[in-house]
Every structure is written in structure tokens, then in C-alpha cells.
Amino acid sequence: MKPTHIEHIGIAVKSLDETIPYYEKLLGTACYAIEEVKDQKVKTAFFKIGDTKIELLESTDPEGPVGKFIEKKGEGIHHIAFAVKGIEGALEEAKENGIRLIDETPRKGAEGMTIAFLHPKSSYGVLTELCENKG
Ligand code: CMX
């Protein structure tokens, strides 16, 4: 697997309304999209910096992955997402290397991306996402 770039960094926040203005000032750019991803129980807000994005994640359900994360660890960096070409092959390769997969098969994420997560317990504490823009 050879990622082409860091597609985004996901940051768990309690409130998009509170944090969007902060990031708009910090990055000098407007939030360009807000999207709810119902099956992930999150509302997302995106900022672009070069080829990489910042994805703010607000939980819509305390039992969802981001709700549980904030309850346990507080706000902060939640995951890193690498852009890959051929996500199915990249997942197969990860599995062959003994990395525990959260998603055995890729699924749809925010912005129409095809995504799959690797478990933080086999990624040295970092929840890792692979994603591919299949257009
Ligand atoms: N980063 C690092 N470690 C994490 C983590 C994260 N984001 N989320 C959970 N963990 C750790 C916990 O601290 C816990 O560790 P300990 O056992 O040492 O305490 C362990 O993983 C299990 O955590 P849990 O709270 O019991 O949660 P679950 O096992 O129910 O789920 C996980 C953990 C990673 C499998 C789940 O959050 C998941 O499937 N995540 C992928 C999907 C996701 O995060 N979606 C939101 C973003 C969607 C988007 O970007 O659009």
C-alpha cells in the first residue's frame, strides 16, 4: 500500500457551531461543506489546505464512535485518513500484514468517498482510514 497523500485529519469536537469560526480564522479559509453521515452518527465540516482537508466531527449520538471517543478522551484528533488508489487491494494488503480491519469491505463515507477503517489497536493507537475518490 502506498498512499498518495494525507486525504484528511479527523478532529472530534463537541460543537461545530463553536469550532468552525475558530478554524476559519486559524486556516484563513471558509468551511466549504457541512454534511451529516447518518450511519456514522456524525455531522462533519470540511476545510481544505492544499491536498489535505481538516474534517471536524460532531457526534449526533452519544453511543456513536465520536460520541464515545469524546466521552472517553475528550475533544481532539480522532483519525488520520490516507488516500489510496485501489482501496480493495490496500485492505487486502493490510489484512495480509496482520492489521485488524474494522471494515472488511469498503463503504461510502462523507463527500462520496469510498472508505474503510483500520483498528487503532493494531495501528499503534491511531484510528486509520483508507479512502479513495472513485468519482
Ligand atoms: N483513536 C484511538 N483509539 C480509539 C479511538 C480513536 N479514534 N476510538 C476508540 N479507541 C480505543 C478506545 O480508547 C479503546 O481503548 P481501550 O480499550 O484501551 O480503552 C478501544 O479503542 C475500544 O474503544 P471503545 O470506546 O470501546 O469503542 P468501540 O470498540 O466500540 O469502537 C472503534 C472503537 C475504533 C472500533 C470505533 O470507534 C469505529 O468503528 N471507528 C470507525 C468509524 C468512525 O470512527 N466513524 C466516525 C468518523 C466517520 C467519518 O469520518 O465520516
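Is Cys31 buried or exposed, and what is its relative accessible area? In this predicted model, Cys31 is buried, with a relative accessible area of 18%.

View 1. A disulfide is a covalent bond between the sulfur atoms of two cysteines. The cysteine sulfur closest to that of Cys31 belongs to Cys131 and lies 18 Å away, which is too far for a bond. The cut-off for a disulfide is 2.5 Å between the sulfur atoms, and the count for the structure is zero. Cys131 is buried, at 1% relative accessibility.

**View 2. Tyr22 and Tyr23 form an edge-to-face aromatic pair.** The structure holds three aromatic pairs. In the pair shown here, the ring centres of Tyr22 and Tyr23 are 5.0 Å apart and the ring planes stand at 85°, so the arrangement is edge-to-face. Tyr22 is partly exposed, with 48% relative accessibility, whereas Tyr23 is buried, with a relative accessible area of 14%. Both tyrosines belong to one aromatic cluster together with Phe47.

**View 3. Tyr32 and Phe46 form a tilted aromatic pair.** The centres of these two rings are separated by 6.1 Å and their planes meet at 35°, so the pair of Tyr32 and Phe46 is tilted. Tyr32 is partly exposed, with a relative accessible area of 38%, while Phe46 is buried, at 1% relative accessibility.

Note on methods:
Residues numbered from 1 in each chain as written. Predicted model: local features only at pLDDT ≥ 70, side-chain atom pairs only at ≥ 80, totals over all residues. Heavy atoms only, no water. Buried < 20%, exposed > 50% of the residue type's maximum accessible area, 1.4 Å probe, protein only. Phe/Tyr/Trp six-rings, centres within 6.5 Å; stacked < 30°, edge-to-face > 60°.
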